[in-house]
Amino acid sequence: MDNIRNFCIIAHIDHGKSTLADRLLQATGSVSDRDYKDQLLDDMELERERGITIKSHAIQMNYSLEGKNYVLNLIDTPGHVDFSYEVSRSIAACEGALLIVDATQGVQAQTISNVFLAMEHDLEIIPVMNKMDLDAAMPEEVKDQIIELIGCKEEDIIPASGKTGYGVDKILEAIVKKVPAPKGDPNAPLQALIFDSVFNSYRGIEAYFKIVNGTIRKGDQVKFMATKKAYNADEIGVLKLKQEPRKELRAGDVGYIISGIKTAREVKVGDTITHVEKPCDKAIEGFEYVKPMVFAGIYPVDADDYEDLREAMEKLQLNDASLTFEPESSAALGFGFRCGFLGLLHMEIIQERLDREFDMDVITTVPNVSYKVYTTKGEGFDVHNPSGLPEVTQIDYIEEPYIRAQIISK
């Protein structure tokens, strides 16, 4: 465990996280020249098209420093606010974070919110000033902004360039020296946090986890604490460029488990995996569930596709746990789902993914928020749609959602 380092990369959108992740993979020899392509971890067609990271991506690298071999588990995260839930899940599985700040832009909105997320989880933060090769770089001003934000020393900030590879060796050295090794007891009952999952049509659901305590071996009988269902660990392994099976994973390791689960509802991100015979006392804490900000109805164009749409939504929710949905019906559109999203871009991406990945033709209603309506009889209920409002004579008062916001300007 002393030689394991789990870290994520956090930054504002377009500050060069994925490019720097590419350089780290090349510097550690984790990818061959033949397999290499730009934005290597952004493997979704949509991500490459738009040049943004939508999903967190985990990958293991091997690195040697001063004669010692280290295992570095990197989780690359999105920068856009609509995918901040992906960031919170990645942070829950790490002990350290690389904070990337664009030397031409300085500290921006998501830089601040992601740093606060990392600080809440007591992560060791390594500040990196990226894009130093550009003429428009403002190193002195940006250094001052970083120091003001996280209270580090000037010499702690690593100047780098994701494009040229400058400073990558210093970043790898800082990860080994500054990020703490995971704490945990390999001999304790198994306790592993599921931080992501994907659906594979041939092998069922693959859950990605980080082991906090205990050891898991191939063939073990495990159970998921939220659903209380038991499974066989048919295959376990680590996440390199491709999945690599292993016979055993111990505390501190990040890996995947395949146990032939076919039903999407049975795997919940944030759940704890433990052994059936010697279970742990309690589930892992500190994992927050998502709070949707924008709501819209999604209906199939053809009413007969309703069940197919439900199945597609469940599979999509596996891969994007910030999507929430519940059945609803409309007089005009028939049966569909009322979905909760983190923002308008998130809504657009979900719509696009339903079309591309599941071949679903859908109609999306105008996005809105929920209102709480209180009647003269003292009853209260949520209204998602103007047609759900009771008669005016029965309404006592209506509450609409507000947010408490902190605006930081510069």
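Predicted model: local features only at pLDDT ≥ 70, side-chain atom pairs only at ≥ 80, totals over all residues.
Val-301 sits in the loop between strand 17 (294-300) and helix 7 (306-319), and counts as exposed because its relative accessibility is 53%. (Buried is under 20% relative accessible area, exposed is over 50%, and partly exposed lies in between; helices are DSSP runs of H or I with at least four residues, strands are E runs of at least two, numbered from the N terminus.)

Residues are numbered from 1 along each chain as its sequence is written. Local features need pLDDT of at least 70 and side-chain atom pairs pLDDT 80 or more, totals for chains, interfaces and linings use all residues, and side-chain values use heavy atoms, leaving out hydrogens and water.

Moving inside, helix 3 (residues 84-92) is mostly covered, with seven of its nine residues buried. Among those buried are Tyr-85, Glu-86 and Arg-89. The cover over the buried residues includes strand 1 (4-11), strand 3 (68-76), helix 4 (109-120), strand 7 (191-200) and helix 7, with contact meaning heavy atoms within 4.5 Å.

The largest nonpolar core has 33 residues, and Cys-8, Ile-10, Leu-99, Ile-146 and Ile-150 touch the most other members. Such a core is a set of buried Ala, Val, Leu, Ile, Met, Phe, Trp, Tyr and Cys residues joined through side-chain atoms within 4.5 Å. Helix 5 gives the most to this core, with four residues. Leaving aside neighbours within four places in sequence, Ile-146 is in contact with residues including Val-101, Pro-127 and Cys-152. Another core, of 28 residues, lies apart from it and includes Val-31 and Leu-172.

As for the cysteines, the whole structure holds zero disulfides, a disulfide being a pair of cysteine sulfur atoms within 2.5 Å. The sulfur of Cys-8 is 4.2 Å from its closest cysteine sulfur, in Cys-94, so it is too far for a bond. For Cys-152, the closest cysteine sulfur is in Cys-8, 17 Å away and likewise too far for a bond. Cys-8 is buried at 0% relative accessibility, and Cys-152 is buried at 15%.

How values were computed. Buried < 20%, exposed > 50% of the residue type's maximum accessible area, 1.4 Å probe, protein only.
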